[in-house]
2 protein chains.
Amino acid sequence: MTDPGPRTRRQDPERRERIIAACLDVIAESGVAGTSHRRVAAAADVPLGSMTYHFSGMDELLREAFGRFSAAMAGYFEQRMAEVRDRDQAKLELVSLIAAGDSYSRRDLVITHELYTLAAREPAFRELTNAWMARSRTALERHFDPATARMLDALIEGLTIHRALDTEPQDRTIVTAAIDRITQGPTG
Amino acid sequence: MTDPGPRTRRQDPERRERIIAACLDVIAESGVAGTSHRRVAAAADVPLGSMTYHFSGMDELLREAFGRFSAAMAGYFEQRMAEVRDRDQAKLELVSLIAAGDSYSRRDLVITHELYTLAAREPAFRELTNAWMARSRTALERHFDPATARMLDALIEGLTIHRALDTEPQDRTIVTAAIDRITQGPTG
DNA sequence: ATTATCCGTGTACGATCGTACGCATGACTG
DNA sequence: CAGTCATGCGTACGATCGTACACGGATAAT
């Protein structure tokens, strides 16, 4: 306790991160229903004992994993919104984000729904979704008034769901038109 | 095989229905992740053996339960939409449906999300959500043009999610304004 | 070099899971 | 009324689950 401070003593400081990442992989593939310590441990290539060592239990693991995920998603959205200059560009960016083929992968969609489902039932997870939504809304408010931002947020959510559930590819025209109508408000 | 035809021989013809209803209760309370034969059997007050007797396995039980649920939800929505006469009334009805305090209970929200989550990952369940969405869209098309119906459908979905996740009660004004903007299209 | 420390892991335990299957039992046939 | 049969249930089994916990071995201290 004299020199390097409270640094971790042993190797592998990123073990915890690998477990979290693997947990998200397992969630994406098998759902929260099919996520177990053993499966995550296998996916992360760590021994089973590491699970209880790094996380107090399943709840903490899930909360940590979904926390990481929602923060990453919010950060990505913020960045995309920060890189545009005016409303028209923002609208185009939104269309790109929602429409198929862009960065939003099915994996992300699945994880997002898993989180929403958890949040719908357990208030503890609602903190995560609320924080995520708040950041998205703030990002939107760089270019739209608060009321419009709220509406856009809801619309994006709904269109994203449809993209996740529709077997046919999303119709870019509809997305564009819907965003146009929403942003046609008084100060949108 | 002479008289009443292939009627069930023993008592309790509605046992299957009770199991399905109980299954939805369990899903609402513990999620698909926490749904097991034993729990459903206990909730339906039937012996464990009835599970494998009436359903080939967990998959069939879930598919049956979610099928019942989505059909009921679609039917309810259709009815509400069929009872209105013009577009303005339809818009008011949509606001009532989305905004808090109306018939959409948290239970229904939770089950809906569980279904969406399953559908996002497994295409087999997407048939259910697709059928549901198709019926909703058709119901909306009684009063709105197809493109607007699609947009409204997405918007409703998104607003419903926000209602499920927001801790604060839904703002009726925003809902009304959003629907107004969407329906301000050329033939909306 | 020796000792003390504690990180990280292997393993084991009790609970719960889905599912199969033999059998009691009530319903039809004659 | 007796015989036949399928329905519906009790029970048991193997797998898998979350979690606890004792211990080996690397590291820091002297």
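User: Let's start with B:Tyr76: buried, partly exposed or exposed?
Analyst: Keep in mind that this is a predicted model. B:Tyr76 counts as partly exposed, because its relative accessibility is 32%, and that falls between the 20% cut-off for buried and the 50% cut-off for exposed.

User: Ok, and which helix does B:Tyr76 lie in?
Analyst: B:Tyr76 is part of helix H4 of chain B.

User: Switching to the pair of chains. What rotation superposes chain A on chain B?
Analyst: A rotation of 180 degrees, with 0.0 Å of shift along its axis, and the RMSD is 0.0 Å. The two copies are therefore related as by a two-fold rotation axis.

User: What surface do the copies meet through?
Analyst: The same surface, because 100% of the interface residues of chain A are also interface residues in chain B.

User: So how do the H8 helices of chain A and chain B sit, what's the angle between their axes?
Analyst: The axes of H8 in chain A and H8 in chain B, each spanning residues 146–165, cross at roughly 105 degrees and come within 7 Å. H8(A) is therefore roughly perpendicular to H8(B).

User: Which residues of H8(A) and H8(B) meet?
Analyst: H8(A) brings a set including A:Met151, A:Ala154, A:Leu155, A:Gly158 and A:His162. Among the residues H8(B) puts against H8(A) are B:Arg150, B:Asp153, B:Glu157, B:Leu159 and B:Ile161. Taken by class, the contact of H8(A) with H8(B) divides into 10 nonpolar, 4 polar and 6 charged residues.

User: Zooming out, how many helices and strands does chain A have?
Analyst: Chain A has 9 helices and 0 strands, so along the sequence the pattern reads α-α-α-α-α-α-α-α-α.

User: How many of the 188 residues of chain A count as buried?
Analyst: 53% of them count as buried. As for contacts in chain A with a separation of 6 or more, 66% involve residues 24 or more positions apart.

User: Last topic, A:Asp45. What is its phi near?
Analyst: Phi of A:Asp45 is near 60 degrees, which is a positive value in a residue other than glycine. A:Asp45 is in the loop between helix H2 (37–44) and helix H3 (49–54) of chain A. With 64% relative accessibility, A:Asp45 counts as exposed.

User: And B:Asp45, where does that lie?
Analyst: B:Asp45 lies in the loop between H2 (37–44) and H3 (49–54) of chain B. Phi of B:Asp45 is near 60 degrees, positive although the residue is not glycine. B:Asp45 counts as exposed, because its relative accessibility is 65%.

Notes. Residues are numbered from 1 along each chain as its sequence is written. Chains are lettered from A and ligands numbered from 1 in the order in which they are written. This is a predicted model: local features need pLDDT of at least 70, side-chain atom pairs count only at pLDDT 80 or more; totals for chains, interfaces and linings use all residues. Side-chain values use heavy atoms; hydrogens and water are left out. Copies are superposed by least squares on the C-alpha atoms of residues with pLDDT of at least 70 in both. Contact means heavy atoms within 4.5 Å. Helices (H or I, at least four residues) and strands (E, at least two) are DSSP runs, numbered from the N terminus. Buried means under 20% relative accessible area, exposed over 50%, partly exposed in between (1.4 Å probe, protein chains only). Axes are lines fitted to C-alpha atoms, for helices over the stretch in contact, and angles run from 0 to 180 degrees between N-to-C directions. Angles under 35 degrees count as roughly parallel, over 145 as roughly antiparallel, 65 to 115 as roughly perpendicular and the rest as oblique. Ala, Val, Leu, Ile, Met, Phe, Trp, Tyr, Cys and Pro count as nonpolar, Asp, Glu, Lys and Arg as charged, and the others, Gly among them, as polar.
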